[in-house]
Amino acid sequence: MMEQKVVLITGGSRGIGAATARRFAAGGCKVVINYHRSQAQAEALAAEIGGWAVQADVADPVQVGRMVDNVLDKYCQLDILICNAGIAQQKLFGDLTDDDWRRMFAVNVDGVFHAVRAGRIVTVSSMWGQVGGSCEVAYSAAKAAVIGLTRALAKELGPSGITVNCVSPGVISTEMNAHLDREALAALAEETPLGAIGTPEDVAEAIWYLSSDAARFVTGQVLAPNGGLVI
């Protein structure tokens, strides 16, 4: 469906990013896996799928610009951008420091701003960006900003034929949720109408759809693979 298209996945070495990289490789794409610190994981994944691993901190516009230039030098094209890189933090609002706040937005929001350079753009938010989460004020605010950025950018880039959409996952079995114990995960699964915790592959399929020609008339939308937890 998307043979020979080049996709750049920020934060592509683990979790949702890695599942997305495998999905796009299986779909015939040339996959560029961005990582910040997880070099061994990124390079192992690149070897597995025949992709290419590139290092850059998405919070740094200079590093992102260099990364995009390297992709264009290597492939002479960049068709799909998946803005997946993100960080999370659980803290009471009163315990948040200025550095906590700035880093949360630098990675989750500025990282999207720095990277937008492709023909189909998919950002990754969170259900907390839609409804807010207790003890996750900075994370919820940053992910809500990603949704706002997505919708506004879709309006601006639509006349150029560029689609911009957002995937907003619910509770997914990734390292980001590794702090949750078995009882907490069981409670969340019970609270979810579909009665289960999502997988990275569930999110990867949503990203694949929004990046495909099947979604050519879809833009400015938030697709939420969350099992019905947030409706």
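Trainee: Why is H1 called roughly parallel to H2?

Mentor: The axes of H1 and helix H2 (residues 39-49) come within 10 Å and cross at roughly 20°. Angles under 35 degrees count as roughly parallel, over 145 as roughly antiparallel, 65 to 115 as roughly perpendicular and the rest as oblique, so H1 is roughly parallel to H2. The axes are lines fitted to C-alpha atoms, for helices over the stretch in contact, and angles run from 0 to 180 degrees between N-to-C directions. Before we go on, remember that this is a predicted model, where local features need pLDDT of at least 70, side-chain atom pairs count only at pLDDT 80 or more, and totals for chains, interfaces and linings use all residues. Residues are numbered from 1 along each chain as its sequence is written, and side-chain values use heavy atoms, with hydrogens and water left out.

Trainee: What makes the contact between H1 and H2?

Mentor: Contact means heavy atoms within 4.5 Å. On H1 the residues are Ala 18, Ala 21, Arg 22 and Ala 25, and on H2 they are Leu 45, Glu 48 and Ile 49. Five of the contact residues are nonpolar, none is polar and two are charged. For these classes, Ala, Val, Leu, Ile, Met, Phe, Trp, Tyr, Cys and Pro count as nonpolar, Asp, Glu, Lys and Arg as charged, and the others, Gly among them, as polar.

Trainee: Why is H1 called oblique to H8?

Mentor: Here H1 and helix H8 (residues 200-211) pack at an angle of about 55°, with axes 8 Å apart. That angle makes H1 oblique to H8. Among the contact residues are Ile 16 and Phe 24 of H1, and Val 203 and Trp 208 of H8. By class, this contact has eight nonpolar, three polar and three charged residues.

Trainee: How do you know that H4 is roughly parallel to H6?

Mentor: The two helices pack at about 20°, with their axes 9 Å apart. Because of that angle, H4 is roughly parallel to H6. Their contact includes Trp 101 and Phe 105 of H4, together with Tyr 139 and Leu 149 of H6. The contact residues divide into 13 nonpolar, one polar and one charged.

Trainee: What makes an open space count as a pocket?

Mentor: On a 1 Å grid over the protein atoms alone, a pocket is an open set of points with protein on both sides within 12 Å along at least five of seven lines; lining residues have an atom within 4 Å of a point. The largest pocket has a volume of about 1,100 Å³. Of its 46 lining residues, the closest to the centre are Gly 86, Ile 87, Ala 88, Thr 174 and Met 176.

Trainee: Which helix gives the most to that lining?

Mentor: H1 does, with three residues. The lining has 19 nonpolar, 20 polar and seven charged residues.

Notes:
On a 1 Å grid over the protein atoms alone, a cavity is a set of points where a 1.4 Å probe fits but cannot get out, and a pocket is an open set with protein on both sides within 12 Å along at least five of seven lines; lining residues have an atom within 4 Å of a point. Grid points are joined across faces, edges and corners, and a volume is the space filled by probe spheres set on the points. Helices (H or I, at least four residues) and strands (E, at least two) are DSSP runs, numbered from the N terminus.
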